[in-house]
Amino acid sequence: TLSDQCDEQLHLIWIPYSSQRFQTHRPFRLTETGTMGVPALFRWLSQKYPKIISPVIEEQPREIEGEEVPIDTRGPNPNGEEFDNLYLDMNGIVHPCSHPEEGPPPATEEEMMLAVFEYTERVVKMVRPRKLMMIAVGM
């Protein structure tokens, strides 16, 4: 059926923003958060095509002899799935980085941009797209 074909071809990664960056070793659950973007789109997609939801395990940097060794994203994805493409809606990253639910907002634009870059890098390291990364920025 069309539903099964879509389930096999499309994987929806919904990674909620967490202010507890790089402090967890637990699997990162993919859940709907907030009301930004197209209202209820995530809920509709996940109900219509339930196989598109994948849990994400976030690999952590290792420490060797007191030095932090960054994650080598060229290796296989620790989630057991490989992804060709990653499409990011930056509104879903910029807003929570500039208006965090936990803690105070960034004091400067530079701090906010660093939070955006850090979180974007975190998502890329989890998904590890092999062919394409598209970033959508709205005004």
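## Exercises on a predicted model

Arg128 sits in the loop between H4 and strand S4 (129-136); helices (H or I, at least four residues) and strands (E, at least two) are DSSP runs, numbered from the N terminus. This is a predicted model, where local features need pLDDT of at least 70, side-chain atom pairs count only at pLDDT 80 or more, and totals for chains, interfaces and linings use all residues. Residues are numbered from 1 along each chain as its sequence is written, and side-chain values use heavy atoms, with hydrogens and water left out.

**Exercise 1. Work out the backbone, the burial and the salt-bridge partner of Arg128.**

Step 1: Start with the backbone. Arg128 is not a glycine, yet its phi is positive, about 55 degrees.

Step 2: Check the burial. Arg128 has a relative accessible area of 2%, so it is buried; buried means under 20% relative accessible area, exposed over 50%, partly exposed in between (1.4 Å probe, protein chains only).

Step 3: Look for a partner. A salt bridge is a side-chain nitrogen of Lys or Arg within 4 Å of a carboxyl oxygen of Asp or Glu. Arg128 makes one with Glu59, with the closest N and O atoms 2.3 Å apart. That pair links distant parts of the chain, since Glu59 is in the loop between H2 and S1, 69 residues apart from Arg128.

Step 4: Widen the view. Glu59 is partly exposed at 25% relative accessibility, and a network of salt bridges links Glu59, Arg62 and Arg128.

**Exercise 2. Compare where the partners sit in the salt bridges Glu58 to Arg122 and Glu121 to Lys125.**

Step 1: Get the count. By the salt-bridge rule, there are seven.

Step 2: Take Glu58 and Arg122, whose side chains meet at 2.7 Å, N to O. Glu58 lies in the loop between helix H2 (41-48) and S1 and Arg122 in helix H4, so this pair ties together parts that are 64 residues apart in sequence. Glu58 is buried at 8%, and Arg122 is buried at 2%.

Step 3: Now take Glu121 and Lys125, at 3.4 Å, N to O. Both lie in helix H4, four residues apart, about one turn of the helix. Glu121 is partly exposed at 45%, and Lys125 is partly exposed at 24%.

**Exercise 3. Describe Gly80: where is it, and is it buried or exposed?**

Step 1: Locate Gly80 in the loop between S2 and S3.

Step 2: Read the accessibility. Gly80 is exposed, with a relative accessible area of 70%.

Step 3: Check a distance. Gly80 and Ile57 are 23 residues apart in sequence, and their C-alpha atoms are 9.5 Å apart in space.
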